[in-house]
Amino acid sequence: MSGNIVSLGGLTIGSKDALEKAMASDGCSSSGATGCGSKQAPEDMDPATWAKVKDHPCYSEEAHHYFARMHVAVAPACNIQCNYCNRKYDCANESRPGVVSERLTPEEAARKVIAVANEVPQLSVLGIAGPGDSCADWKKTKETFTRVTEDIPDIRLCLSSNGLALPEHVEELVDMNVDHVTITINMIDPEVGAKIYPWIRYGNKRYYGVEASKILHERQMLALDMLVERGILVKVNSVLIPGINDEHLLEVNKEVKRRGAFLHNIMPLISDPAHGTHFGLTGQRGPTAAELQKVQEACAGGANLMKHCRQCRADAVGLLGEDRGQEFSLDKLPEEVAYDPAARETYKDWVAKEREDRRAAAEDAKAETGASVAETAPKLLVAVATQGGGRINQHFGHASEFQVFEVDTDGVRFAFHRRCDNYCVDGAGEEDRLDRVIATLEGIDTVLCAKIGDCPRETLAEAGITVLQDHAYDYIETAVSAVYRARMGLAPARAERA
């Protein structure tokens, strides 16, 4: 183990002293009217809700630039069968839900969480997402949460469930201060559900087809209502399955909004024969990026959509878009671990200052751009290579995904992400992998990164994609605004001129 080493916006930080030094040198410049270090909630969110989501990377798009999540695989049992699911163990090469390298006991999980918290100051959330169902294996889930919070009382607890057994445990969730729950809801019409779920097990009996989906639907709606009534934030996950529930998800979106869901995450079906799922083996395809975007756009005005989901493994560790789980396998953990809160506390102080400085800079850029560009000016999509921290701080060749931002006179907004294979191997680019990256960037003509080699940049230019490294380590919003202003033929903003 490396001893509190963390990569932070291009800086490698070790001890608490080093983290404090990074804060002093890279943190707060207090540009704009917003007070530096302020923990003020965004204008469109009440303070109580902001307090719950400000450090949860799945419930806040802004938070996912700064904070990490950890999933512990303590719940292998499941009470339903999904046609898109095949729980795999001892698998380090697949990145999708239901896959883990190790199944843990609650005791092992608690030891692992403490070890990760000591090494990864960004850690803010502990989630249990299987690899089965967290409520079907409730005793293990509850014991894990209890053990961890004895040592790390400030960590946020989060669980994912299919909802079937969830109503039985809502009161216990309240007692344990669990304030984030995800329910996977793929249908509200049992006829649609029968095409997704072959069977469920409920009340020591197995049900099939439409009858199974009817029970599942009723239990999911009951769980959603109970959680919302008790002030627990609910994120609804829905798997988009072309030809089965793609159009139906609009109705799902409306219904979960009506019942008070905080977020709706519409995810693409991951389907490959190698995964061994029913859909994979029978040729059911996943949606294209365009099909996914079409459904998301059609849901505008319904429940708020989450667009930064990475469909994490059930043993994922780190920021969204990265997985450091293999660094913390049981054989690499010390037998005895003691939690040291110093680095996490210092990091949270740094984030509070950094995010307000970033927000103020983004507001300045928005105001100056909006005053200079006609309302009819077109929107622009810009892909960004980032390691987190809200900055452009990743080498193009090291990017396994790109975050795509939309910019116009109303400002800069996260739009979606595009995953791609890392084409950089031992410092040398492989042409076929670069071709796949180019395909991933379809529809995007501008990429911002910290650095790129001449050869890949020229290849991308031939494909009509401009890659800029002029804004390395700048805030994403101010850099994207600068690119937009240049594209619109405007003078640089004041901050750029200075």
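Ring pairs join Phe67, Tyr347 and Trp350 into a cluster; here rings of Phe, Tyr and Trp (its six-membered ring) pair if their centres lie within 6.5 Å, with planes under 30 degrees apart called stacked, over 60 edge-to-face and the rest tilted. This is a predicted model, where local features need pLDDT of at least 70 and side-chain atom pairs count only at pLDDT 80 or more, while totals for chains, interfaces and linings use all residues. Residues are numbered from 1 along each chain as its sequence is written, and side-chain values use heavy atoms, leaving out hydrogens and water.

By the ring rule there are four aromatic pairs. One of them, Tyr347 with Trp350, is stacked, at 5.8 Å centre to centre and 25 degrees between the planes. Both residues belong to helix α11 (residues 342–372), three residues apart, about one turn of the helix; helices (H or I, at least four residues) and strands (E, at least two) are DSSP runs, numbered from the N terminus. Tyr347 and Trp350 are both buried, meaning under 20% relative accessible area, as against over 50% for exposed and partly exposed in between (1.4 Å probe, protein chains only).

Now turn to Phe405 and Phe414, an edge-to-face pair with 5.6 Å centre to centre and 85 degrees between the planes. Phe405 sits in strand β14 (residues 401–408) and is buried, at a relative accessible area of 2%. Phe414 counts as buried too, at 15% relative accessibility. Leu381 is 24 residues from Phe405 in sequence, yet their C-alpha atoms are 5.7 Å apart in space.
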